[in-house]
Every structure is written in structure tokens, then in C-alpha cells.
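Hi everyone, thanks for making time.

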Amino acid sequence: MNIADDAEGLAVLLHPHPHFGGNRFHPFIDGLFRRLPDLAVTAIRFDFASAEPPAARQEVVAALDEAFSRWTELPVFLVGYSFGAGIAAEVADRRIAGWYLLAPPEAMLSAATIGGDPRPKAIVVPEYDQFSPPATIAHAVAVWEGTTVTTLPDADHFLGQTGPVVDDALRWIEGMAQGGSTSSAAESERTPR
């Protein structure tokens, strides 16, 4: 946990698939973890003990429970990359104020419970994602409420440089924590219904 002084929000950060090298130190997750307190947002990260979605969802809820045992009034944002984004899309806990999903696997979105929820959702898809390209994700979430899908230019699923997408996620979280703009700065913005 990286605690912000006078926190205005909490962000629970979910890493890529643990069987493929994903952990809490992934550069995207680590970049957010280190910089969020500068925006008055406390950052929470952990390593998934299981790659099984039901167990991973329970771990996310446990992280929410721990956060709420200390900060009961702050908005909470779930931020996930790849597998972590897919798990985040399956957690519709009432305490969550919004979701930032980077490169979510299309197959995991079919089990998502957040699609009909009006709370804000930013989905960022790398332009050259090898597994779930932008058009596939846009189709998968076409009827989701409160959802903006953007394309991260010149990146594939593994991102390469993470700086631009860390900056994008920080802008979105800061806007959400301050009750302002919730759109992602990546290209090709679209908001269904």
C-alpha cells in the first residue's frame, strides 16, 4: 500500500496473468503505484495467489475490504491490465466508483458483470493488440453503459513503453477522484449509450 496524505481516492491495481510473468511490479502497475499518492490517491497492489477467476475475484474483494476498514468515505477505482482488467470487469462491488481496463481479454469480458452498470468505465485497447484488437473489444462492449473505449496508438498487447498509458490512467483517476472529467486521453474515443 502506498498511502497518500489527505487522500481523495483509492486505487486497487490488478496485474497481468500470474502464470505469464504478471505480478505487482509490472511497469504499468508499478508506475501507477509510485505516482498515485502525488495525486492524493492511495494505491493498493498485491500479487494474485491464483489465476482462477473466482479466487482472483475474491482477492480483489478482500483488498476492497481492507481498504474500507481504513477509509470508508473515499471513492475506489479498480485499475487492471490484461488478466487484471478481465478480473476487474467481473467485480461489480457497490464500493467501486469506476473501472480503468487496459488491454482486457475479450473472452473475459463475456463474463463481465459491469456492462449494465452506469458507473464510469474507461477501456483502453492497444492499437495492435494481438489477442483482443480494438474492433473486437468495441464490439464486445457495444451495449455497455457508462463506457468509453479508446485506442492506445502504436502499442501492442505488451505495451512497450508504459509511460504514456500510465499518464493516461493517472489523468483518468485524478479526474474521477476530483469529480471531474472521466475520459481517457488515448485516441479514438467512443461512448456507447
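Predicted model: local features only at pLDDT ≥ 70, side-chain atom pairs only at ≥ 80, totals over all residues.

Let's start inside. The largest nonpolar core has 36 residues. Val12, Leu78 and Leu101 are the ones with the most contacts inside that core. Who contributes? Two or more residues come from each of β1, α2, β3, α3, β4, α4 and β5, and α2 gives the most, with 6 residues.

Take Leu101 as an example. What does Leu101 touch, once you leave aside its neighbours within four places in sequence? The list includes Gly80, Ala85, Ala88 and Ala89, and also Ile114, Ala122, Ile123, Val124 and Trp144.

There's a second, separate core too, with 29 residues. Ala11, Ile29, Leu159 and Trp172 are among them.

Now, helix α2. This helix covers residues 53–70, and at 1.5 Å a residue its 18 residues should span 26 Å; the end C-alpha atoms are 26 Å apart, so expectation and model agree. Which residues of α2 are buried? They're Ala56, Glu59, Val60, Ala63, Leu64, Ala67 and Phe68. If you look at the numbering, here's the background: an α-helix has 3.6 residues a turn, so residues three or four places apart point the same way. And what covers the buried residues of α2? The cover includes β1 (9–14), β2 (41–45), β3, α3 and β4.

On to the rings. A search of the whole structure finds 6 aromatic pairs. In one of them, the ring centres of Phe77 and Trp172 are 6.2 Å apart and the planes meet at 75°, so we call the pair edge-to-face. Phe77 sits in strand β3 and Trp172 in helix α6, 95 residues apart, so to speak a link between distant parts of the chain. Both Phe77 and Trp172 are buried.

Phe131 and Phe158 make another edge-to-face pair, because their planes are at 90°, with the centres 5.9 Å apart. Are these two buried or exposed? Phe131 is exposed, with a relative accessible area of 54%, and Phe158 counts as exposed at 52%. Phe131 is in the loop between β5 and α5, and Phe158 in the loop between β6 and α6, so this pair ties together parts that are 27 residues apart in sequence.

Also on the aromatic side, Phe46, Phe48 and Phe83 form one cluster. Then there are charges over rings. The charged end of Arg45 sits over the ring of Phe33, 3.7 Å from the centre. Arg95 lies over the face of Phe68, at 5.3 Å from the ring centre; Phe68 is one of those buried residues of α2.

Last topic, the backbone. Ser82 isn't a glycine, yet its phi is positive, near 60°. You'll find Ser82 in the loop between β3 and α3, and Ser82 is buried, with a relative accessible area of 11%. Ala103 isn't a glycine either, and has a positive phi of about 50°. Ala103 lies in the loop between β4 and α4 and counts as buried, at 1% relative accessibility.

That's my tour. Happy to take questions.

Notes: Residues numbered from 1 in each chain as written. Heavy atoms only, no water. Phe/Tyr/Trp six-rings, centres within 6.5 Å; stacked < 30°, edge-to-face > 60°. Helix = DSSP H or I, 4+ residues; strand = E, 2+ residues; numbered from the N terminus. Buried < 20%, exposed > 50% of the residue type's maximum accessible area, 1.4 Å probe, protein only. Lys NZ or Arg CZ within 6 Å of the ring centre and 35° of its normal. Expected span 1.5 Å × (residues − 1). Contact = heavy atoms within 4.5 Å. Core = buried A, V, L, I, M, F, W, Y, C linked by side-chain atoms within 4.5 Å.
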